[in-house]
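Subject: The structure we talked about

Hi,

Here is the structure I promised to hand over. Please open it next to this email and follow along as you read.

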Amino acid sequence: MAKPPRPWIVTPHGPIEKLDDNLWAVDGEVPGMPALRRRMVMVRREDGTLIFFNAVPLTDDALGEIDRWGKPGWLILPNAYHKMDAHAFRERLGVKLLCDAAADAKVQALVPVDGHLEDLPADGAVRLAPLGGTKQGEVALVVTGPGGTSVVFGDAFMNMPKGSGFINDFLRFSGAPKCPPMFRLAFVRDKRALARDLEALAMLPGLRRLVPSHGTIVDQDPKGVLQGVIARDLG
């Protein structure tokens with residue numbers, strides 16, 4: 001028998017981070033793995049509708065602040081494994097869930113999919129950037145705002161500090177900005193293709209920050225940091 005979807009359960013999370021006029025984020029605990037924190041990013045499109053990248057249930061106060069900022073429109077799953085709270089999020093906020101076609105079957109096992117990446121309406125400030133060479137439809141999000149360009153990642157780029165938890169150190173998620181070994185082993189079929197797409201992101205004009213789903217935001221030399229990860233982990 002299939003396991004029922006996880007209900008709306010709010011785990012401890014921080015305050016909303018306002019990274020730019022059109023880019024907010026919130027960082028919280030992964031259920032059952034509090035040391036492995038996760039970040040949800042929210043983007044306000046030019047028409048006032050909101051894109052959510054990852055699904056993290058929030059307190060009523062945080063939801064109220066978001067509702068005053070814009071109208072929920074879409075939930076983007078960065079890959080097939082970021083679906084834990086997608087069902088509850090889709091039902092509670094009434095958003096359309098989009099994922100890469102390569103992730104569709106695994107996501108559909110838990111939550112209905114409303115479309116694929118190409119179904120997101122065009123917007124001058126935000127676009128999806130599928131990452132080649134991956135097995136489960138890994139996609140990044142590129143957001144341009146008054147403060148510059150931000151690139152938001154799922155699991156292809158992490159920046160978790162050493163000592164952030166035994167499980168993070170044991171799985172080699174932590175220690176430095178990286179494309180984690182487990183991700184490369186289990187989810188990458190062509191390192192050169194992934195490296196090529198990450199390099200294109202590193203070369204974006206006005207690149208201001210790298211926003212990982214797991215770990216610290218990089219806002220100092222984001223180009224150099226990402227190129228260093230490419231050379232070390234995918235070279």
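Valine 30 has methionine 33 in S3 as its bridge partner. The two strands concerned, S2 (23-30) and S3 (33-44), run antiparallel and are joined by eight bridges. Helices and strands here are DSSP runs numbered from the N terminus, with at least four residues (H or I) for a helix and at least two (E) for a strand. Two strands count as paired if DSSP finds at least two bridges between them.

A word on the model before we go on. It is a predicted model, in which local features need pLDDT of at least 70 and side-chain atom pairs count only at pLDDT 80 or more, while totals for chains, interfaces and linings use all residues. Residues are numbered from 1 along each chain as its sequence is written, and side-chain values use heavy atoms, with hydrogens and water left out.

S2 is mostly covered, with seven of its eight residues buried. Buried means under 20% relative accessible area, exposed means over 50%, and partly exposed lies in between (1.4 Å probe, protein chains only).

These strands belong to an open sheet of seven, in the order S1-S2-S3-S4-S5-S6-S7, with mixed pairing. S1 and strand S7 (115-116) stand at the edges with a single partner strand each, so one side of each is left without a neighbour in the sheet. If pairing is new to you, strands of a sheet pair through backbone hydrogen bonds, either parallel or antiparallel.

Two helices to look at here are H1 and H2. In H1 (residues 60-69), the buried residues are Ala62, Leu63, Gly64, Ile66 and Trp69. They pack against S2, S3, strand S4 (49-53) and helix H2 (86-93), where contact means heavy atoms within 4.5 Å. H2 itself lies across S3, S4, strand S5 (71-76) and strand S6 (96-99), running at about 160 degrees to S5. For such angles, axes are lines fitted to C-alpha atoms (for helices over the stretch in contact), and the angles run from 0 to 180 degrees between N-to-C directions.

**The four-stranded sheet**

Another open sheet has four strands in the order S8-S9-S10-S11, again with mixed pairing. Its edge strands are S8 (126-130) and S11, each of which pairs on one side only. Neighbouring strands of this sheet are turned by 20 degrees against each other on average, direction ignored.

Follow the strands in order:

- S8 and strand S9 (residues 139-145) run antiparallel, joined by five bridges; leucine 128 stands opposite leucine 141 in S9.
- S9 and S10 run antiparallel, also with five bridges, and form a hairpin with two residues between them; glycine 145 has glycine 148 in S10 as its bridge partner.
- S10 and S11 run parallel, joined by four bridges; threonine 149 stands opposite leucine 207 in S11.

Five of the five residues of S10 are buried, so S10 is largely enclosed by the rest of the structure.

**Helices H6 and H7**

The buried residues of H6 are Ala193, Leu194, Ala195, Leu198, Leu201 and Ala202. They pack against S8, S9, strand S10 (148-152), H5, S11 and H7.

Helix H7 (residues 222-233) buries Pro222, Leu226, Val229, Ile230 and Asp233. Seen down the axis of H7, these buried residues fall within an arc of 100 degrees (taken from the directions from the helix axis to the C-beta atoms), so they line one face of the helix. Their cover includes helix H5 (181-187), helix H6 (191-202) and strand S11 (207-211).

**Cysteines**

How many disulfides does the structure hold? It holds zero, with a disulfide taken as a pair of cysteine sulfur atoms within 2.5 Å. Cysteine 99 counts as buried because its relative accessibility is 0%, and cysteine 179 counts as buried at 0% too.

Happy exploring!
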